[in-house]
Amino acid sequence: MKRCLLAVLAALSTSGLSAQSLVGVPEFIRVQREEIAQQRGLIMAVYQEDAKACWQKFAVNACLSDARKKRRASLEPLRQQDLLLNVQERQWRTEQRNLRLEGKQPENRSTP
């Protein structure tokens, strides 16, 4: 139980660090990234507990393999969400760059 709490706290602290690097990103992307980081921390905590329990069994390698498969299956939807957020962030950054460039262009474009 203590490891679960430590994993959750670690996930929260790392999400805080990523939030600082996403200063200009819209709020909904930042919030979703924090939620994904928390869910990822919980999944990793469960995996660590499963792996620890495997060492008490006779067939350690098979148990560890099953635990890894379970972890990968749990992390895949989070990975897909993360990829979608990356696309949204790229689109937002492109829009912001285009707006900045439009503001820098001179008003009379008729001069060669």
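What percentage of the 112 residues in the protein chain is buried? Buried residues make up 22% of the chain, where buried means under 20% relative accessible area, exposed means over 50%, and partly exposed lies in between (1.4 Å probe, protein chains only).

The model is predicted: local features need pLDDT of at least 70, side-chain atom pairs count only at pLDDT 80 or more, and totals for chains, interfaces and linings use all residues. Residues are numbered from 1 along each chain as its sequence is written, and side-chain values use heavy atoms, with hydrogens and water left out.

**Fold and surface**

The protein chain contains three helices and zero strands, in the order α-α-α along the sequence. Helices (H or I, at least four residues) and strands (E, at least two) are DSSP runs, numbered from the N terminus. Of the contacts (heavy atoms within 4.5 Å) between residues at least 6 apart in sequence, 75% join residues at least 24 apart. The accessible surface of the protein chain is about 8,500 Å², and carbon and sulfur atoms account for 58% of that area. Accessible areas come from the Shrake-Rupley method with a 1.4 Å probe; for residues, only the protein chains shown count as cover.

**Disulfide**

A search of the whole structure finds one disulfide, defined as a pair of cysteine sulfur atoms within 2.5 Å. Cys-54 and Cys-63 form this link, with their sulfur atoms 2.0 Å apart. The link is left-handed, with -70° about the S-S bond. Both Cys-54 and Cys-63 are buried.

**Salt bridges**

The count of salt bridges is seven, a salt bridge being a side-chain nitrogen of Lys or Arg within 4 Å of a carboxyl oxygen of Asp or Glu.

| Pair | N to O distance |
|---|---|
| Arg-30 and Glu-27 | 2.2 Å |
| Glu-89 and Arg-33 | 2.7 Å |
| Glu-76 and Arg-79 | 3.3 Å |

Arg-30 and Glu-27 both lie in helix α2 (residues 27–54), three residues apart, about one turn of the helix. Glu-27 is partly exposed, at 48% relative accessible area.

Glu-89 is buried, with a relative accessible area of 10%, and Arg-33 is buried at 15%.

Glu-76 and Arg-79 are both in helix α3, three residues apart, about one turn of the helix. Glu-76 is partly exposed at 33% relative accessible area, and Arg-79 is partly exposed at 44%.
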